[in-house]
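Here are a few notes to go with your first look at this one.

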Amino acid sequence: APENRPSTRLSVLVAEKDPCDALLLEQAFFAAGLHVPLQFVDDGREVLDYLRGDPPFVNREAHPVPTLLVLELDLPQQSGFDVLQWLQEQPSFKQMLVVVFSASARHEDIERAYAMGADAYLVKPSDSGEMLEAVQHMKRLWLETSTALLSAA
């Protein structure tokens with residue numbers, strides 16, 4: 001039955017090393033009315049373990065395959081660019097929306113992220129009001145994409 005397919009369940013994986021930014025993001029998701037499961041990891045290797053379903057993320061009920069990945073570029077272990085590189089080689093994740101959410105406003109970083117398959121690049125805002133705007137932007141992009149995917153499924 002289509003409703004049991006993982007792609008129809010919306011969930012978000014947030015890769016963010018700064019606990020304050022992670023909390024702000026979580027609050028902004030709530031304020032934006034996005035009441036979806038949020039999973040948090042704080043380094044690039046954990047992102048890959050999560051996506052592959054490696055321990056400790058084996059249970060897909062508890063750790064569903066995300067429909068949206070919010071990715072900081074500056075991560076320990078492996079960078080956001082390393083994650084994007086890995087994703088390019090994984091056809092099974094083509095439908096996952098990837099939003100780079102980085103403090104870097106460097107033109108080279110933005111161009112490189114898009115070239116490596118990011119769906120959007122948002123520069124991390126400094127205050128919670130702007131954080132809400134950023135999340136609302138993500139929400140519009142994500143829900144439009146997801147709705148298109150769900151109606152095509």
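**Notes on the salt bridges**

1. Start with Asp74 and Lys17, whose side chains form a salt bridge at 2.5 Å, N to O. (A salt bridge here is a side-chain nitrogen of Lys or Arg within 4 Å of a carboxyl oxygen of Asp or Glu.) Asp74 is in the loop between β3 (68-71) and α3 (80-88) and Lys17 in the loop between β1 (12-15) and α1 (19-31), so the pair ties together parts 57 residues apart in sequence. Helices (H or I, at least four residues) and strands (E, at least two) are DSSP runs, numbered from the N terminus.

2. Keep in mind that this is a predicted model: local features need pLDDT of at least 70, side-chain atom pairs count only at pLDDT 80 or more, and totals for chains, interfaces and linings use all residues. Residues are numbered from 1 along each chain as its sequence is written, and side-chain values use heavy atoms, leaving out hydrogens and water.

3. Buried or exposed? Asp74, at 48% relative accessibility, is partly exposed, and so is Lys17, at 37%. (Buried means under 20% relative accessible area, exposed over 50%, partly exposed in between, with a 1.4 Å probe and protein chains only.)

4. Now look at Lys124, which is buried at 13% relative accessibility. Its side chain meets Glu72 in a salt bridge of 2.5 Å, N to O. Lys124 lies in the loop between β5 and α5 and Glu72 in the loop between β3 and α3, so this pair ties together parts 52 residues apart in sequence. Glu72 is buried too, at 5%.

5. How many salt bridges are there by this rule? The count comes to 8.
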